[in-house]
Amino acid sequence: VRVVVVVDTSGSMSERELGAALEQIDSILKSVSAREGLVVLAVDAEVHVTKQVFRANEVRLVGGGGTDMVVGIRAAEGLRPKPEVVIVLTDGYTPWPNVPPRGIRVVAGLIGEGSVSVPEWMKAVQINVSPTLGHRSTTP
């Protein structure tokens with residue numbers, strides 16, 4: 001299964017939430033082919049980084065502006081080879097596409113305690129944030 005991860009790097013994502021996103025990427029990497037790695041997009045209101053990674057510490061979480069995960073999902077949809085699953089790691093305070101991307105399952109990993117909703121065509125998973133997280137791993 002070709003999986004792409006879109007990470008919300010907007011200003012509303014705290015250091016702890018970004019740390020939780022990196023933990024999730026690490027877990028996802030353990031379940032995908034080590035040969036292929038994982039494509040990760042860092043997105044706020046625009047795509048800042050699209051990078052194939054093999055370890056979570058290779059992820060560049062660049063952003064800090066407004067939030068629009070529609071941009072990230074559409075960018076993932078345009079990748080070749082086309083992903084079968086797009087996982088969006090976000091606090092959920094974002095617009096969502098009105099219609100699902102064709103042939104792609106989208107899962108929202110909702111990080112933190114907020115009560116946000118996602119479109120009914122999207123699967124949502126709540127991700128709790130550990131109080132010990134808090135270091136934003138970025139590479140300028």
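Modeller: Let us begin with pairing: two strands pair if DSSP finds at least two bridges between them. Please bear in mind that this is a predicted model.

Biologist: In what order do the strands form the sheet?

Modeller: Strands of a sheet pair through backbone hydrogen bonds, either parallel or antiparallel. Here, 6 strands make an open sheet with mixed pairing, in the order S3-S2-S1-S4-S5-S6. Strand S3 (47-53) and strand S6 (123-127) are at the edges, each with a single partner strand, so one side of each lacks a neighbour in the sheet. On average, neighbouring strands are turned by 20° against each other, direction ignored.

Biologist: In which sense do S1 and S4 pair?

Modeller: The pairing of S1 and S4 is parallel, over 5 bridges. Val6 stands opposite Val88 in S4.

Biologist: Which strands does H1 touch?

Modeller: H1 packs on the sheet and touches S1, S2, S3, S4, S5 and S6; its direction makes about 175° with that of S1. Helix H2 (residues 69-77) also packs on the sheet, touching S1, S2, S3, S4 and S5, and its direction makes about 160° with that of S1.

Biologist: Which residues of the largest nonpolar core touch the most other members?

Modeller: In soluble globular proteins, nonpolar side chains tend to be buried together. The largest nonpolar core has 25 residues, of which Val5, Val7, Ile25, Leu38 and Leu89 touch the most other members. H1 supplies the largest share of this core, 7 residues. A second, separate core of 15 residues includes Val4, Met69, Ile104 and Ala108.

Methods: Residues are numbered from 1 along each chain as its sequence is written. This is a predicted model: local features need pLDDT of at least 70, side-chain atom pairs count only at pLDDT 80 or more; totals for chains, interfaces and linings use all residues. Side-chain values use heavy atoms; hydrogens and water are left out. A nonpolar core is a set of buried Ala, Val, Leu, Ile, Met, Phe, Trp, Tyr and Cys residues joined through side-chain atoms within 4.5 Å. Buried means under 20% relative accessible area, exposed over 50%, partly exposed in between (1.4 Å probe, protein chains only). Helices (H or I, at least four residues) and strands (E, at least two) are DSSP runs, numbered from the N terminus. Axes are lines fitted to C-alpha atoms, for helices over the stretch in contact, and angles run from 0 to 180 degrees between N-to-C directions. Contact means heavy atoms within 4.5 Å.
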